[in-house]
Amino acid sequence: MNETAKTEYDFSDKYGNVKKEILDCIEKYEKIIICRHKRPDGDAVGSSGGLWELIRAAWPEKKVMISSEERCDYVAPYEAVGTMPLPVDYQGALCIVVDTATQDRISDNYFQNCEKCIKIDHHIETEPYGDLSFVAEDRPSCSELIAELSFSSDGRLPMTLAAAEKIYMGMVTDSDRFRYDPKPETLVIAARLIQFGINTERIYSNLYIDTFEHIKFKASVTELIQRTDAGVAYMYITADIQKKYGLSREEASSVVSFMDRIKGCPIWLAFIDNMPLNDDGTVESIRVRLRSRFMPVDKLANKYGGGGHEHASGATVNNTEEMKSLIADADAIVVSYVQRDPTIF
């Protein structure tokens, strides 16, 4: 055993000042509006809902709202039953934006009407915004940062069972069950959340048990996987396929995980037609999910109007020609990396 390894993690030793400032702001404001990104995923739901639970438990007299008309079907049981803010609520309010790297991704057109804005995020920061910013790019999820805010608050923002359940769910979904390069503090936080009595079996059942229709979809759609000579795996889920199997947005996007175990394919891409279609039956744009082992794909996502993490990002292309261009760029990344490290496969 490495005698210098830390067996305990000091939650106050990093980002200490900004976390204290955030807590001071939360304590000061009577109206707090929590925002997240458009087309929310598990981490957006977990971090926003977890923070909502924490603030309401610590300060029951405050009016705490979550601003998001969009929902995420596959984590529906963990949505906070919050009150949507009215235009008048923004005046004199504190806005806390979670899990959202850039302002254009915020699912709220009025957040700038708040008196003060705080950003809490874990994506690579390309666009700083807000009066206070707590950004930790090395963390697998934003939900983890909400837990850390609680655990380093000296009792000002104590953890609760309801918050722990939502936060743990967000950590699990964004890290793919702690597969994406978890830091020691990530697993320490997960362990502490479990100690609050959350039912992990129920969480995993809600997240990973499939419908019969989705199982049938999985069985057929794997035939669509293609592979370039360089080793980029990809598939295209068209609007027709989504309609045939009655897929939700989350179910269609999940195909990216079907390719994560293909030997010799360190980059894998999922292209998904955005639904609903235009009035003339054409596709407005195509979502892209980029995943990788060893080599970063975030800058490739940036090139196509997206971003995210080194090994898990999202982007958008407008047609099949742009799709081919993105695949070619991914090929170039693999070729360049293999030239530097021929043993990668």
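**Exercise 1.** State the volume of the largest cavity and classify the residues that line it.

*Solution.* In this predicted model, the largest cavity has a volume of about 50 Å³. The count of cavities of 30 Å³ or more comes to one. The next step is to list the lining, which consists of Arg 36, Ile 66, Ser 68, Arg 71, Glu 79, Ala 80, Gly 82 and Met 84. Sorting these residues by class gives three nonpolar, two polar and three charged residues.

**Exercise 2.** Determine whether Thr 102 is buried or exposed, and describe its surroundings.

*Solution.* Begin with the location: Thr 102 lies in the loop between strand S3 (94-98) and strand S4 (116-121). Its relative accessibility is 13%, and buried means under 20%, so Thr 102 counts as buried. Next, consider the contacts. Leaving aside residues up to four places away in sequence, Thr 102 touches Thr 126, Glu 127 and Tyr 129. Thr 102 and Tyr 129 are 27 residues apart along the chain, with their C-alpha atoms separated by 7.7 Å. Finally, the side chain of Thr 102 forms a polar contact with the side chain of Asp 104, at 2.6 Å.

**Exercise 3.** Explain why the radius of gyration of the protein chain agrees with that of a compact globule.

*Solution.* For 345 residues, a compact globule would have a radius of gyration near 20 Å; the protein chain has 21 Å, and therefore the two agree. The C-alpha trace spans about 60 × 60 × 40 Å along its principal axes. Of the 345 residues, 51% count as buried.

Methods
Residues are numbered from 1 along each chain as its sequence is written. This is a predicted model: local features need pLDDT of at least 70, side-chain atom pairs count only at pLDDT 80 or more; totals for chains, interfaces and linings use all residues. Side-chain values use heavy atoms; hydrogens and water are left out. On a 1 Å grid over the protein atoms alone, a cavity is a set of points where a 1.4 Å probe fits but cannot get out, and a pocket is an open set with protein on both sides within 12 Å along at least five of seven lines; lining residues have an atom within 4 Å of a point. Grid points are joined across faces, edges and corners, and a volume is the space filled by probe spheres set on the points. Ala, Val, Leu, Ile, Met, Phe, Trp, Tyr, Cys and Pro count as nonpolar, Asp, Glu, Lys and Arg as charged, and the others, Gly among them, as polar. Helices (H or I, at least four residues) and strands (E, at least two) are DSSP runs, numbered from the N terminus. Buried means under 20% relative accessible area, exposed over 50%, partly exposed in between (1.4 Å probe, protein chains only). Contact means heavy atoms within 4.5 Å. A polar contact is a pair of N or O atoms within 3.5 Å; within protein, one must be able to donate a hydrogen and the other to accept it, and residues adjacent in sequence count only if both atoms are side-chain atoms. The radius of gyration is taken over C-alpha atoms; the globule rule is 2.2 Å times the number of residues to the power 0.38.
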